[in-house]
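Trainee: Could we go through this model together before I set anything up?
Mentor: Gladly; open it and ask as you go.

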Amino acid sequence: MRGLVIKSTGSWYSVLTDEGQTVECKIKGNFRLMDIRSTNPVAVGDRVSILLNQEGTAFITDIEDRTNYIVRKSSNLSKQSHVIAANIDQAFLVVTVNHPQTSTTFIDRFLASAEAYRIPVVLVFNKNDILTEEELHYQDMMITLYDNIGYSCIAVSAFNDNTPSQLEPLLQDKITLFSGNSGVGKSTLLNKIMPGLNLKTGEVSFAHNKGMHTTTFSEMFPLPYGGWVIDTPGIKGFGSFSMEPREICGYFKEIFQFSKNCRFSNCLHVNEPGCAVRAAVEDHYISESRYISYLSMLKDKDENKYREAY
């Protein structure tokens, strides 16, 4: 029997079978995922084979080849990965310029990881309604920055009645991962898009301007107009995984374009002579924040550890 993994709690998996039945499953045997050491070999979005048992539950016996997946480093095990979701059409990265503040380094690390696995990303700037004039100006600057690089951006408020109509055309008939820092309003947005979902929402810590975890596991929900959304726990940091230093440049679109003009083909754009990328940063063709994010990902390999968001 085959089906789709629609919920993962870490030890149990809910699988929607091709016959329309939801079965609680565990993993049978030891899985290895494409030679990547992973804390969760089965992820939401996976197509799997299951074997029913007499208790009415089942074992997952096989995972179909994935079209793609998005992965981050495990926060506790630096040499292992954590697969956030598999077989997705796009990712919505929900960000906020305040309440809490999403760092550009976090955004850039997510975008680079999505580029590595060929997953289109839409940047959803949330909490538009509670920003000051200065914060709105900063948000406009960020939108201009990422729009010019080639990323779709949209500014919304989870409490605005127009938000569903803004997002529905982008979600229809697609499998969409919702991700972002804790407290940016992923669950609130999903509740707005899908009335009756009633996902638990939380507050932002006033003292540290950081969100508290409310979603504790990943789960897929079918959209009434076709497609699925995947709600995931908030991510505090996003460490790069399984990226060689020379590859990282290719996951920053504008840096890759300028790198073609470097004097040396193996230039890492740090302190090499004739580096077209550093010249482009100095001439403001490449954002300094993006270049800093690129350098931080290069350092990951040197330090070989998980890095928090900046």
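Predicted model: local features only at pLDDT ≥ 70, side-chain atom pairs only at ≥ 80, totals over all residues.

Trainee: How many helices and strands does the protein have?
Mentor: There are 8 helices and 15 strands in the protein, and of its 310 residues 51% are buried.

Trainee: And what share of the contacts join residues at least 24 apart?
Mentor: If you take contacts between residues at least 6 apart in sequence, 65% of them join residues at least 24 apart.

Trainee: Let's turn to helices H1 and H2; at what angle do their axes cross?
Mentor: Helix H1, residues 104–116, and helix H2, residues 133–149, have axes that cross at roughly 25 degrees and come within 13 Å. Angles under 35 degrees count as roughly parallel, so H1 is roughly parallel to H2.

Trainee: Is that crossing left-handed or right-handed?
Mentor: The crossing of H1 and H2 is right-handed.

Trainee: Which residues meet there, in H1 and in H2?
Mentor: From H1 the contact involves Thr104, Ile107, Asp108 and Leu111, and these meet Tyr138, Met142 and Tyr146 in H2. Sorted by class, the contact of H1 with H2 has 5 nonpolar residues, 1 polar residue and 1 charged residue.

Trainee: Changing topic, how many disulfides does a search of the whole structure find?
Mentor: The search of the whole structure finds 0 disulfides. Cys267, for instance, is in no disulfide, and the nearest cysteine sulfur, which belongs to Cys275, is 3.8 Å away.

Trainee: Is Cys267 buried or exposed?
Mentor: Cys267 counts as buried, at 9% relative accessibility, whereas Cys153 is partly exposed with a relative accessible area of 22%.

Trainee: One more spot, Ser152: where does that residue lie?
Mentor: Ser152 lies in strand E10, which covers residues 152–155, and Ser152 is partly exposed, its relative accessible area being 43%.

Trainee: What does Ser152 touch, leaving out residues up to four places away in sequence?
Mentor: With those left out, Ser152 touches Val121, Val122 and Leu123.

Notes:
Residues numbered from 1 in each chain as written. Heavy atoms only, no water. Axes fitted to C-alpha atoms, helices over the stretch in contact; angles between N-to-C directions. Helix = DSSP H or I, 4+ residues; strand = E, 2+ residues; numbered from the N terminus. Parallel < 35°, antiparallel > 145°, perpendicular 65-115°, else oblique. Left-handed = near helix turned anticlockwise from the far one by under 90°. Contact = heavy atoms within 4.5 Å. Nonpolar A, V, L, I, M, F, W, Y, C, P; charged D, E, K, R; others polar. Disulfide = S-S within 2.5 Å. Buried < 20%, exposed > 50% of the residue type's maximum accessible area, 1.4 Å probe, protein only.
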